[in-house]
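Hello,

Here is the structure I promised to pass on to you. Have a look at it first, and then read my notes below.

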Amino acid sequence: MQNQNQTTQDFLSVISETNTAQSIKETLKLCMDNLKSNTLNTLLTGDADYQASLLEYRQSCELYRNADFTESQRDIVDAILARKDESSFEHTSNAYMAGLLDGYRILRMLGLTLN
């Protein structure tokens, strides 16, 4: 995990370059992922529903590891799981960004920002 100064430097170096909106968005996602990790992990650790779901997921993974799949079948399932992990990361990153933007909008609507 990067420290806050390094994250800030990385962010400033990116926005000072001539980049596309997509590359800036990707960098923001990485920076926000770094920031949200501690907060999110704290919330998830205390969430009983999430912990129950995680336990069921781990039990399912153990069943999968012990199942008698052909190599081809295992490759298909592995590809599905990998794509799901990738899409979940993107969804979580965008949801976090949306939460930050909405939080700022709420503060602005209530007159609690300097802007």
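**Notes on the model**

At a relative accessibility of 38%, Asp102 counts as partly exposed, a class that lies between buried (under 20% relative accessible area) and exposed (over 50%), using a 1.4 Å probe and protein chains only. Before I go on, please keep in mind that this is a predicted model, in which local features need pLDDT of at least 70, side-chain atom pairs count only at pLDDT 80 or more, and totals for chains, interfaces and linings use all residues. Residues are numbered from 1 along each chain as its sequence is written, and side-chain values use heavy atoms, with hydrogens and water left out.

**Salt bridges**

About one helical turn separates Asp102 and Arg105, because they are three residues apart in helix 4. Arg105 is partly exposed, at 41% relative accessibility.

By this rule, the count comes to three salt bridges. Helix 4 also holds Glu86 and Arg83, three residues apart, or about one turn of the helix. These two form a salt bridge whose closest N and O atoms are 3.1 Å apart. Glu86 is partly exposed, with a relative accessible area of 44%, and Arg83 is partly exposed at 46%.

In helix 3, Glu62 and Arg65 are likewise three residues apart, about one turn of the helix. Glu62 forms a salt bridge with Arg65, and their closest N and O atoms lie 3.1 Å apart. Here Glu62 counts as partly exposed, at 37% relative accessibility, while Arg65 counts as exposed, at 52%.

**The fold**

How many helices and strands does the protein have? There are four helices and zero strands, where helices (H or I, at least four residues) and strands (E, at least two) are DSSP runs numbered from the N terminus. Read along the sequence, the pattern is α-α-α-α. Of the 115 residues, 11% count as buried.

Leu100 lies in helix 4 and is partly exposed, at 45% relative accessibility. The C-alpha atoms of Leu100 and Met32 are separated by 9.7 Å, although the two residues are 68 apart along the chain.

**Aromatic rings**

A pair of aromatic rings is described by the distance of the centres and the angle of the planes. Rings of Phe, Tyr and Trp (its six-membered ring) pair if their centres lie within 6.5 Å; planes under 30 degrees apart count as stacked, over 60 as edge-to-face and the rest as tilted. The count by this rule comes to one aromatic pair. It is tilted, because the rings of Tyr64 and Phe69 have their centres 5.6 Å apart and their planes at 45°. Tyr64 is buried, with a relative accessible area of 17%, whereas Phe69 is partly exposed at 34%.

**The largest pocket**

A pocket, on a 1 Å grid over the protein atoms alone, is an open set of points where a 1.4 Å probe fits, with protein on both sides within 12 Å along at least five of seven lines; lining residues have an atom within 4 Å of a point. About 310 Å³ of space lies in the largest pocket, the volume being the space filled by probe spheres set on the points, which are joined across faces, edges and corners.

Which helix gives the most to the lining of the largest pocket? Helix 4 does, with five residues. Helix 2 (21-45), helix 3 (48-66) and helix 4 (71-109) each supply at least two residues of this lining. Among the lining residues are Leu40, Tyr57, Lys84 and Phe89.

Best wishes

How values were computed
A salt bridge is a side-chain nitrogen of Lys or Arg within 4 Å of a carboxyl oxygen of Asp or Glu.
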